[in-house]
Amino acid sequence: MTEHPYMQTGIVVPDLEAAMAELSEAMGLTWAEPRDREIGPWRIRVVFAHQGPPYVELIEGSPGTPWDPSVAHMDHL
């Protein structure tokens, strides 16, 4: 059995569907259904890849939030 040093990585993206399509083509990932979430006063959209670990989580936030999508970046590992 192969152990993984981490379980998931969260990536903030400006367009959830576009990022899903790009990573599907580049890495062969398939996705669960995107979900809306509320964290405190903020709303985000998230989706997880079916493949893993490590699992890929994509996060689409709004400008001015901790998940500001103006520049794609890693949120957590």
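Helix α1 spans residues 16-27, twelve residues in all. From first C-alpha to last, α1 reaches 16 Å, close to the 16 Å expected at 1.5 Å a residue. The model is predicted.

**Helix α1**
- L16, A19, M20 and L23 are the buried residues named in α1.
- These four lie on the same side of α1, because they cover an arc of only 100° around the axis.
- An α-helix has 3.6 residues a turn, so residues three or four places apart point the same way.
- E22 and E25 sit on the other side of α1 and are exposed.
- Strands β3 (42-48) and β4 (55-60) are among the elements that cover the buried residues of α1.

**Loop residue A32**
- A32 lies in the loop between α1 and β2 (35-39).
- Its relative accessible area is 30%, so A32 counts as partly exposed.
- Leaving out residues up to four places away in sequence, A32 touches M20, V47, F48 and H50.
- A32 and V47 are 15 residues apart along the chain, yet 6.2 Å separates their C-alpha atoms.

- Y6 belongs to the segment before β1 (8-12).
- Y6 is partly exposed, because its relative accessibility is 34%.

Note on methods
Residues numbered from 1 in each chain as written. Predicted model: local features only at pLDDT ≥ 70, side-chain atom pairs only at ≥ 80, totals over all residues. Heavy atoms only, no water. Helix = DSSP H or I, 4+ residues; strand = E, 2+ residues; numbered from the N terminus. Buried < 20%, exposed > 50% of the residue type's maximum accessible area, 1.4 Å probe, protein only. Expected span 1.5 Å × (residues − 1). Arc of directions from axis to C-beta. Contact = heavy atoms within 4.5 Å.
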